[in-house]
Amino acid sequence: MSALKDKLKADLTASMKSKDEVRTRTIRMALAAVNVEEVSGKTARELSDDEVVKVLAKEAKKRREAAEAFGNAGRAEQAQAELDEQAVLEAYLPAQLSDEELGALVDEAVAESGASGPQAMGQVMKVLNPKVAGRAEGGRVAQAVRARLTA
């Protein structure tokens with residue numbers, strides 16, 4: 001079993017004992033998402049830590065989008081609940097890259113791939129994605145690459 005999944009299970013037990021409802025609810029949801037991912041496909045399998053991080057990142061993104069939707073609909077209480085869940089999930093994710101760090105990685109990937117012009121975005125993304133895996137959202141990465149290639 002992956003170390004991250006073990007940590008989630010241990011934290012679930014601790015949050016249940018301390019009666020932290022938000023944390024308990026969020027970790028249960030995260031473990032359920034991990035279990036669904038493990039049994040999806042033709043055969044059941046154990047997820048690696050990297051795969052668990054991807055599942056948690058996807059769940060955190062869902063919470064961020066739901067909070068935005070609730071906020072736009074004038075439902076502040078639900079929006080805050082989603083943001084609280086997102087904060088719990090982000091504690092298990094690697095630290096996000098700053099704009100400067102992301103810019104430096106984009107410049108490095110552009111130089112490595114020898115790309116020029118917006119039509120070469122796919123080549124740059126292919127080189128860049130493994131370097132930023134889990135540390136920056138895909139849309140943010142694509143926006144940085146697009147800005148660099150059109151500049």
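In which hand, left or right, do helix 3 and helix 4 cross? The crossing of these two helices is left-handed; a crossing gets that label if the near helix is turned anticlockwise from the far one by less than a right angle, and is right-handed if the turn is clockwise. The model is a predicted one, in which local features need pLDDT of at least 70 and side-chain atom pairs count only at pLDDT 80 or more, while totals for chains, interfaces and linings use all residues. Residues are numbered from 1 along each chain as its sequence is written, and side-chain values use heavy atoms, with hydrogens and water left out.

The chain holds 7 helices and 0 strands, and its elements run α-α-α-α-α-α-α from the N terminus. Helices (H or I, at least four residues) and strands (E, at least two) are DSSP runs numbered from the N terminus. Along its principal axes, the C-alpha trace spans about 55 × 45 × 30 Å.

To return to the opening pair, the axes of helix 3 and helix 4 (residues 76–90) come within 8 Å and cross at roughly 160°. Axes here are lines fitted to C-alpha atoms, for helices over the stretch in contact, and angles run from 0 to 180 degrees between N-to-C directions. The two helices are therefore roughly antiparallel, the class for angles over 145 degrees; under 35 counts as roughly parallel, 65 to 115 as roughly perpendicular and the rest as oblique. Contact (heavy atoms within 4.5 Å) involves, among others, Leu 56, Arg 63 and Phe 70 of helix 3 and Gln 78, Leu 83 and Leu 89 of helix 4. The residues of this contact divide into 8 nonpolar, 3 polar and 6 charged. In this scheme Ala, Val, Leu, Ile, Met, Phe, Trp, Tyr, Cys and Pro are nonpolar, Asp, Glu, Lys and Arg charged, and the others, Gly among them, polar.

Helix 1 (residues 3–17) and helix 2 (residues 21–39) have axes that come within 9 Å and cross at roughly 150°, which makes helix 1 roughly antiparallel to helix 2. This crossing is left-handed. Residues in the contact include Leu 8, Leu 12 and Met 16 of helix 1 and Ile 27, Leu 31 and Val 34 of helix 2.

For helix 5 (residues 99–113) and helix 7, the axes come within 10 Å and cross at roughly 60°, so helix 5 is oblique to helix 7. Here the crossing is right-handed. Among the residues that meet are Leu 102, Val 106 and Val 110 in helix 5 and Val 141, Ala 144 and Leu 149 in helix 7. By class, the contact has 7 nonpolar, no polar and 4 charged residues.

The largest pocket holds about 480 Å³ of space. On a 1 Å grid over the protein atoms alone, a pocket is an open set of points where a 1.4 Å probe fits, with protein on both sides within 12 Å along at least five of seven lines, and lining residues have an atom within 4 Å of a point. Grid points are joined across faces, edges and corners, and a volume is the space filled by probe spheres set on the points. Of the 21 lining residues, Ala 57, Gly 134, Arg 135, Ala 136 and Glu 137 are the closest to the pocket centre. Helix 3 (49–72), helix 6 (121–132) and helix 7 (138–150) each supply at least two lining residues, and helix 3 gives the most, with 8.
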